[in-house]
Amino acid sequence: MTHEVPLPPRTGLPTSEQRLHAALRYAGTDAAAPPGAVSRAPHRAMITGLAALALHCFSAAPSLLDLERIDVLVPELDDSAHPGPRAPSPAACAYTSAHLVRTRILPEPEEITGLPVAPAPRALADAVAGLTDAEDVRRLLVEAVRGGHCDPQPVVRELTRARLLGLPHVADAVDSLLAEGRALTEGCLYAMVFTHGLPDPCWNVELRVPGGPPVGAVDAYWPDHGVALEIDARTPRAGAEAAWDAYARKRETLEQLGVTVVHVTEAKLRDALAQQATVVRTALMTSGEREPAAYLNVLPR
């Protein structure tokens with residue numbers, strides 16, 4: 001639920017800092033109360049949407065001075081007690097407006113330049129909710145991962161919560177987001193192998209029992225050691241439960257064939273590369289202590 005509230009008129013053009021502070025001041029009062037009503041205690045509020053992305057240094061976001069409005073995330077109110085915002089005055093309309101975005105659960109804000117700012121995944125969802133151009137949405141989502149602002153999963157989670165994944169232009173952009181995240185994660189995996197002196201695996205292969213059905217695809221496989229590695233890049237989209245069931249079945253089948261499966265996540269590869277390399281090295285070094293894995297055909301994926 002959103003409400004739009006005018007910012008106070010000023011002499012001359014306001015600076016970006018003045019606009020942000022003015023938007024937060026309006027959100028911190030009972031802006032939804034009718035004229036003459038007694039204001040409640042200040043609400044918690046934070047900058048969100050495109051303004052927040054600008055503060056997070058997204059190059060694909062407009063500059064703060066170019067934005068027609070400042071989105072502010074505030075707690076959801078009881079509409080029966082707060083009928084709606086007062087009408088903006090003609091003088092106030094000459095300046096940008098504060099756009100109040102109501103939410104039941106506020107995320108923990110980040111502090112940027114002394115201001116409370118929504119985390120990048122939530123700011124992205126609030127920004128995407130107001131965009132209709134597919135390329136604008138795609139640029140923002142791809143930059144979120146490429147620029148190191150956040151992982152794909154929390155972005156998809158916020159878009160799902162906002163019920164935006166059903167929009168075709170958003171769904172297409174999410175595919176680009178996931179592809180970008182996948183490419184960066186594979187780069188981390190290559191770096192882990194080469195910088196930590198691990199043996200070269202077979203990359204991105206499908207494993208198959210000779211004369212039988214395919215077992216499944218893995219991101220890396222060391223056939224001499226019977227060790228497979230798979231990146232968990234699952235996202236909370238439609239069909240995620242079925243994807244997890246398929247993954248669990250594949251892992252169970254591989255382990256029954258004597259293959260040790262190392263499961264890593266994008267976050268662990270990014271934040272704890274040396275630790276993940278140690279996990280893989282341990283699996284490779286202890287392979288001689290286990291029963292040899294069944295012979296499997298290794299095919300390019």
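**Helix packing around H6**

In this predicted model, helix H4, residues 134–146, packs against helix H6, residues 168–195, at an angle of about 25 degrees, and their axes are 8 Å apart. The axes are lines fitted to C-alpha atoms, for helices over the stretch in contact, with angles between N-to-C directions running from 0 to 180 degrees. Helices here are DSSP runs of H or I with at least four residues, strands are runs of E with at least two, and both are numbered from the N terminus. That angle makes H4 roughly parallel to H6. For the wording, under 35 degrees counts as roughly parallel, over 145 as roughly antiparallel, 65 to 115 as roughly perpendicular, and the rest as oblique.

On the H4 side the contact includes Ala134, Val137, Arg138 and Leu141, and on the H6 side it includes His169, Ala173, Val174 and Leu177. Contact means heavy atoms within 4.5 Å. The residues of this contact divide into nine nonpolar, three polar and three charged. Nonpolar covers Ala, Val, Leu, Ile, Met, Phe, Trp, Tyr, Cys and Pro; charged covers Asp, Glu, Lys and Arg; the others, Gly among them, are polar.

A word on the basis. Residues are numbered from 1 along each chain as its sequence is written, and side-chain values use heavy atoms, with hydrogens and water left out. As the model is predicted, local features need pLDDT of at least 70 and side-chain atom pairs count only at pLDDT 80 or more, whereas totals for chains, interfaces and linings use all residues.

Back to His169, which sits in H6. Is His169 buried or exposed? His169 counts as buried, at 17% relative accessibility. The classes are buried under 20% relative accessible area, exposed over 50%, and partly exposed in between, with a 1.4 Å probe and protein chains only. Apart from neighbours within four places in sequence, His169 touches Leu131, Thr132, Ala134 and Val137.

H6 has another partner, helix H9, residues 273–285, with an angle of about 65 degrees and axes 10 Å apart. The crossing of H6 and H9 is right-handed. Here Cys188, Ala191 and Met192 of H6 meet Leu273, Gln276, Ala277 and Val280 of H9. Those residues divide into six nonpolar, one polar and no charged.

Next, the aromatics. Searching the whole structure gives two aromatic pairs, where rings of Phe, Tyr and Trp (its six-membered ring) pair if their centres lie within 6.5 Å, and planes under 30 degrees apart are stacked, over 60 edge-to-face, and the rest tilted. The ring centres of Tyr190 and Trp203 are 4.5 Å apart and the planes are at 90 degrees, so this pair is edge-to-face. Tyr190 lies in H6 and Trp203 in strand E7, residues 202–208, so the pair ties together parts 13 residues apart in sequence. Both count as partly exposed, Tyr190 at 30% and Trp203 at 24%. Together with Phe194, Tyr190 and Trp203 form one aromatic cluster.

Finally, the chain as a whole. The protein chain has nine helices and 11 strands, and 45% of its 301 residues are buried. Of its contacts with a separation of 6 or more, 71% are between residues 24 or more positions apart.

Conventions: A crossing is left-handed if the near helix is turned anticlockwise from the far one by less than a right angle, and right-handed if clockwise.
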